[in-house]
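Biologist: I have the sequence and the structure open. Take me through the labels one by one, and tell me what each rests on.

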Amino acid sequence: MDKNQILKEFSADPDRYYKVKLFEEQGFIRKGCTKCGRFFWTLDANRTLCPDDGTDTYSFIGEPPTTKRFDYTQAWKQVEEFFVKNNHTSVSRYPVVCRWRDDLYFTIASVVDFQRVMGSKVVFEFPANPLVVPQTCLRFKDLENVGVTGRHFSSFCMIGQHSIPDNGGYWKDECVDLDFRLLTQQFGIKKEEVVFVEDVWAGGGSFGSSLEYFVRGLELGNAVFTEFQGELGQHTTLDQKIIDMGAGLERFAWITTGTPTAYDCCFGPITNHLMEKIGIDSDSEMLRNYFTTIAKNLEIYDDLTEVRKQTIKTTGLTEDQLNRIITPLEGMYLIADHLRTLIFAITDGALPSNVGGGYNLRMMLRRINGTIDRMNLKLDIDELIDMHIDYLKDTYPELESKRQDVKTILELESQRYVESKSRMGKMATKLKDKGRAPSVDELITLYESDGITPEYLKEVEVISEIPSSFYAKLSDLHQSDKKKAMEQLSLENIPETDMLFYKDDPMEFEAKVLKVFEKGIVLDRTSFYARGGGQEPDHGIIAGFKVIDVNKHGGVILHELEGGIPSEGDTVSCKVDSVRRANITKNHTSTHILNSSARQVLGSWIWQHSAFKEDDHARLDITHHSSLTDSEVADIEKAANQIIAKDMQVTIENYDRGTAEQKYGFKIYQGGVVPVKSVRIVSIEDFDVEACGGTHVKQTKDIELIKITRTKRIQDGVVRLEFVSGPTAQEYVKQQEIIQTQNKEESAQKEIKDKAREENKDKAREKIPVFIEKVLSGESLESEGIAVNGKLCFTADENYDDYFHQNFGKKLVAKDDTAAFCGIFEAGPTIRVIIFAGEKSGVNAGDIAKEIASILGGSGGGDAKFAQGGGKDTSKKDTAIQKAKSMILG
Ligand SMILES: [Zn+2]
Ligand SMILES: [Zn+2]
């Protein structure tokens, strides 16, 4: 949809689309900007330019238009007080991790709180009407602006003012009247300072007019009147018109304080604390000038580097001022901003990682760490986290309970950063050697596969500037790829299947065949559970044929059969494999138990990533930062089995979605988004509550036992628990016991054997003098495993060790210089050979060692009198023995 086209059309009929009662009552005049042509409404008869082009742009810096000063927290109190006084319900913020939409990782606007996707349609569900919400929103597209422009944040509080015209709500007239009074009465801004600009909003198939309101060039809010759907010209009015007013709380604080940047009034005591720590001596007149110019230049130049360059030029900033004040300030603002965003995200259960939305979080922490490194700061991150939370908890009390978790996660991530630094250094050297700067795509690959941030590359001078499209591109890649496609079958005109597994769930029943496909049949009713939510389908028999698969297509269930197929219209008898179903059911309830047990043991960041429930095995993938230790696994298993031992009741109730969300929170969406209005809530008393469409046991004792069989870190930030439950778990324990007994027996036997061999070796050592006497007197040593020919001896008997060979050989040739000895034996993974040859024996020790070693694939060395060698090719052991024997005995 072409926004400009809509704007043209709407602005051509201002009375219908833009003129509100307030404009008439107060005497607002409609004007066209003499520079850009856009239409705006003002009380100032002399005004000729729109706020973007006006001469008063950002003149509030250093000179705020209000007599009262409110920082971030106080500004919200003012906003809340005003709207509550005017019959709005103040709603707590929704999580910044957008669990209720599968096309968004993070909540990007206040209106998203109330949007639910049903098929291809977006519907609105308001917990109250009208309402106001301080919604923390995360946006990563302008990351390079954060800290530099004075007004860009990676997360900000959107004041959401929302209303549905009927049922107690209101429409345009009242909305604009409220917003005007908020500015003038509550905040004390002069009426003449407020300018409304005509605009339109379009998205998700609907559109409407909007009025942006500005004070001294600063856009404070935008009141959107979502009214139409379809293409312009053929559009129709929505059944459900919506007021979607979003305003930036940070900007409300800024306009009243007039600080050089919005950062100075929004991070509580942190800004001053950091200034002292870093030792920045700020010069307020210089900063006022600098940041006012930055704001103006942002409207002129597209590229941030250019904005900064031009600003430095026009304000006449010296190199010294730049290095001593501006650059450190930018770093400091970045640290404060990014840390605040991470606190919200981690509190709401997100983890920094290499996948999905976790990317942006890891990127932000890397930017914090990189900045600390670059500025050579000694900062206590934990202390900064405490300061943020202490400051924010008045507005957002939920941050308090996750204080420690946030510290744990950030500490761990920072450690990883330190560990990766030397690797990054090597990569940077390689890149420098290439002699050309990497492209944006290459930079993205470097970040994604090696975790190397462009800030770091700039730092080590691989690149001179960070390309302005880098963050936008990265954020596009990781914003909304959660959606998955679903195979479609032509099922029109087939009534939805009556799902008996949600009712009395008979294991044997009769049903009518409604439709026969090549791949299966549709019945009018069924107890066969269709694959869904990670739960595998039921098997069994329909009309004498085996049911091998069951799938849901919308509300229609398709049974795949093997061996034959009944005819349309037949009434067939059906039997579900109840043993299989019982096992799967136990595994399903077990995933819920393990999920909450893992959260209890590991931390609040544990969410179900995905799950799979089969007859004889199951797995649960959870979001966790590291591999699990044996003791963590044992603790999770113990906690889970305690829930079984407590025999908790499992209850299933259907709720209206909004009611369920308000009652239990968004934790219910462990299995993902629920695309229907009524949600099925499965609760294991107060231990675990989830929205789930699967089958469950009635009491936790029915599960008997849960055993975790294996765990594995399957991707960055995700750990898999493989487990069994019920009879399979009992069987698993029995098997483990058998294996253990076997292992014990085997190791006992091995111990006996080893002991005997050691004893033999000891005995052999004692026999050395006796053996020597026997050789010298010409007696046979056949029975001792030693072959003798004259005074030449050879042995490969395993009862002789290194000590024996060394001592026997050495002493033998010392007593008789016509004697020689060769021994072959195993030493660990290698086969070794040792040769001693008397001077007059006619044997060359070195030749034998070299020959044998080469047969064994190793090396050997020494001289004619003593040599040794060996190799690892055990398959050649016999060949080596034969060769050695023939070489020494002749
Ligand atoms: Zn203009
Ligand atoms: Zn479930």
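Biologist: What makes Cys50 count as buried or exposed?

Modeller: This is a predicted model, so every value is computed from predicted coordinates. Cys50 has a relative accessible area of 3%. Buried means under 20%. Cys50 is therefore buried.

Biologist: And how do you know which label Asp53 gets?

Modeller: Asp53 has a relative accessibility of 21%. Asp53 falls in between, so the label is partly exposed.

Biologist: Which protein atoms are the donors of the zinc ion (ligand 1)?

Modeller: Cys33 (SG), Cys36 (SG), Cys50 (SG) and Asp53 (OD). They lie 1.9 to 2.3 Å from the zinc ion (ligand 1). The cut-off for a donor is 2.8 Å, so these distances qualify. Along the sequence, the spacing reads C-x2-C-x13-C-x2-D.

Biologist: Why is the arrangement around the zinc ion (ligand 1) called tetrahedral?

Modeller: The 4 donor atoms subtend angles of 104 to 114°. Tetrahedral requires all angles between 85 and 135 degrees. The angles meet that test, so the arrangement is tetrahedral.

Biologist: Now the zinc ion (ligand 2). Which are its protein donors?

Modeller: His588 (NE2), His592 (NE2) and Cys692 (SG), at 2.1 to 2.3 Å. The sequence spacing is H-x3-H-x99-C.

Biologist: Why do you say that His592 and Cys692 tie parts together?

Modeller: His592 lies in helix α17 (residues 578–602). Cys692 lies in the loop between β24 and β25 (706–715). Those parts are 100 residues apart in sequence, so the pair ties them together. Both His592 and Cys692 are buried.

Biologist: Next, the sheet with β22, β23 and β24. In what order do the strands run, and what is the pairing?

Modeller: The order is β22-β23-β24, in an open sheet with antiparallel pairing.

Biologist: What makes β22 and β24 edge strands?

Modeller: β22 (650–656) and β24 (688–691) each have a single partner strand. One side of each is therefore left without a neighbour in the sheet. From one strand to the next, the twist averages 25°.

Biologist: How do you know that β22 and β23 pair?

Modeller: Pairing needs at least two bridges. β22 and β23 (residues 678–684) have 7 bridges, in the antiparallel sense, so they pair. As one example, Tyr655 has Val679 of β23 as its bridge partner.

Biologist: What lies across this sheet, and at what angle to β22?

Modeller: Helix α19 (residues 657–664) lies across β22, β23 and β24. Helix α19 runs at about 125° to β22.

Biologist: What makes the backbone at Glu685 and Asn87 worth a look?

Modeller: Most residues other than glycine have a negative phi, and most peptide bonds are trans. Glu685 has a positive phi, near 40°. Asn87 has one too, about 70°. Glu685 is in the loop between β23 and β24, and Asn87 is in the loop between α4 (72–85) and β3 (89–90).

Biologist: Which peptide bond is called cis, and what is its omega?

Modeller: The bond from Asn129 to Pro130, with omega near -5°. Pro130 sits in the loop between β5 (121–124) and β6 (131–138).

Biologist: How do you know whether Gly358 is buried or exposed?

Modeller: Gly358 has 8% relative accessibility, which is under 20%, so Gly358 is buried. Gly358 is in helix α11 (residues 358–374). Leaving aside residues up to four places away in sequence, Gly358 touches Leu351, Pro352 and Ser353.

Biologist: Last, the chain as a whole. Why is the chain called more spread out than a compact globule?

Modeller: The chain has 23 helices and 32 strands. Its radius of gyration is 39 Å. For 890 residues the globule rule gives 29 Å. The value for the chain is well over that, so the chain is more spread out than a compact globule. The C-alpha atoms fill a box of roughly 130 × 85 × 45 Å along the principal axes. Buried residues make up 53% of the 890 residues.

Technical notes:
Residues numbered from 1 in each chain as written. Chains lettered and ligands numbered in written order. Predicted model: local features only at pLDDT ≥ 70, side-chain atom pairs only at ≥ 80, totals over all residues. Heavy atoms only, no water. Donors = N, O, S within 2.8 Å, 3.2 Å for Na, K, Ca; no water. Tetrahedral: all angles 85-135°; square planar, octahedral: opposite > 155°, others 65-115°. Buried < 20%, exposed > 50% of the residue type's maximum accessible area, 1.4 Å probe, protein only. Helix = DSSP H or I, 4+ residues; strand = E, 2+ residues; numbered from the N terminus. Axes fitted to C-alpha atoms, helices over the stretch in contact; angles between N-to-C directions. Contact = heavy atoms within 4.5 Å. Rg over C-alpha atoms; globule rule 2.2 N^0.38 Å.
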